[in-house]
Each structure stands twice: as C-alpha cells, then as structure tokens.
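This report covers a strand hairpin and the aromatic pairs. Please have the sequence and the model open.

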Amino acid sequence: IMKYFAQLGNDNIVLNIVVVADEDAPTEAAGQEFLAQSQKWPAGQWIEYSKDGSFKANAAQIGSTWDSVNNVFIGIQPYSSWTLNNSNWQWEAPVAYPNQNPPEIDGVVPPIWWDESTLVWNSDADVWNPDTLEWDVKP
C-alpha cells in the first residue's frame with residue numbers, strides 16, 4: 001500500500017506530490033518525518049491525502065491550496081466567476097451545470113464547456129438556457 005503526500009510551500013500552495021511506501025509512513029506523522037529526512041523539507045509542510053478525496057475533501061494537485069483551518073485541499077479556481085462551495089469544497093459556476101446533454105451531432109454528443117466571457121455553458125451548436133433548462137441553438 002502506498003501513501004500520498006503533498007509538499008507545501010510557505011504559502012500552503014502544493015509544490016509537489018510524492019508517493020511513500022506504507023512501511024515508511026504507517027501514520028501521517030511518521031511519513032512527515034520520513035519525508036523531512038529524505039527530501040530535506042520541513043515535516044510540517046508534508047500533508048497526507050487520499051487520491052479519491054475520502055479524507056481532506058479533495059486529492060491534492062500541484063497548485064492547489066492546503067486549508068489547515070478546515071483540514072482540506074482546495075483545487076485551483078477554474079474561472080474568476082466561480083465560487084467555492086464550503087460544504088463540499090468544490091468550485092461552482094454561477095450557472096449550474098446542464099442537467100441534460102446537448103443535441104447529438106452526427107450521432108455523437110458534443111462536449112460541454114464554460115464560457116467565462118458570457119457566463120454560459122456552451123456546446124458546439126447550442127448554448128444552455130438556465131431559465132428554460134434546455135439547449136438553445138446558437139444565434
């Protein structure tokens with residue numbers, strides 16, 4: 001079994017991700033001491049996390065932030081309009097993600113993406129209408 005640790009900078013931003021053998025990190029504290037010795041980085045700046053987010057809310061990523069007050073990793077804010085949901089520690093768009101796929105094009109469901117300039121969800125030929133909860137053909 002392997003353990004995952006995030007290396008933090010002085011600003012609590014994740015600098016690196018390392019994997020440590022279970023025998024070297026039977027506890028988080030033991031893993032921190034092992035990494036302090038082997039990596040020459042302060043023990044308190046190594047935080048264990050789970051890849052599936054089962055503890056510490058989210059898996060650490062390079063560039064994400066460690067929130068020591070809430071004991072969670074917070075992912076990188078994808079867009080300036082998105083806000084952090086403090087109950088699940090996920091970033092949310094100002095318009096909820098569409099609850100249905102856009103119309104297929106040649107038998108294929110096209111991708112959906114956020115357009116920060118217009119604050120809407122888009123697809124290849126359609127735009128999500130949060131008022132009607134339907135895809136409208138782009139003008």
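## The β1–β2 hairpin

Five residues separate the strands in the hairpin of β1 and β2, and there Asn-12 takes a positive phi near 65 degrees. Strands (E, at least two residues) are DSSP runs, numbered from the N terminus. β1 and strand β2 (residues 14-21) run antiparallel and are joined by seven bridges. Two strands pair if DSSP finds at least two bridges between them. Phe-5 stands opposite Val-18 in β2.

## Model and numbering

The model is predicted: local features need pLDDT of at least 70, side-chain atom pairs count only at pLDDT 80 or more, and totals for chains, interfaces and linings use all residues. Residues are numbered from 1 along each chain as its sequence is written, and side-chain values use heavy atoms, with hydrogens and water left out.

## Aromatic pairs

The whole structure holds nine aromatic pairs. Rings of Phe, Tyr and Trp (its six-membered ring) pair if their centres lie within 6.5 Å; planes under 30 degrees apart count as stacked, over 60 as edge-to-face and the rest as tilted.

Tyr-4 and Tyr-49 are tilted, because their ring centres lie 5.9 Å apart and their planes meet at 45 degrees. Tyr-4 sits in strand β1 (residues 2-8) and Tyr-49 in strand β3 (residues 46-49), so this pair ties together parts 45 residues apart in sequence. Tyr-49 is buried at 5% relative accessibility, while Tyr-4 is partly exposed at 21%. Buried means under 20% relative accessible area, exposed over 50%, partly exposed in between (1.4 Å probe, protein chains only).

## The tryptophan pair

Trp-114 and Trp-121 pair edge-to-face, 5.0 Å centre to centre, with 65 degrees between the planes. Trp-114 is buried at 5%, and Trp-121 is buried at 7%. Tyr-79, Trp-82, Tyr-97, Trp-114 and Trp-121 form one aromatic cluster.

Notes. Helices (H or I, at least four residues) and strands (E, at least two) are DSSP runs, numbered from the N terminus.
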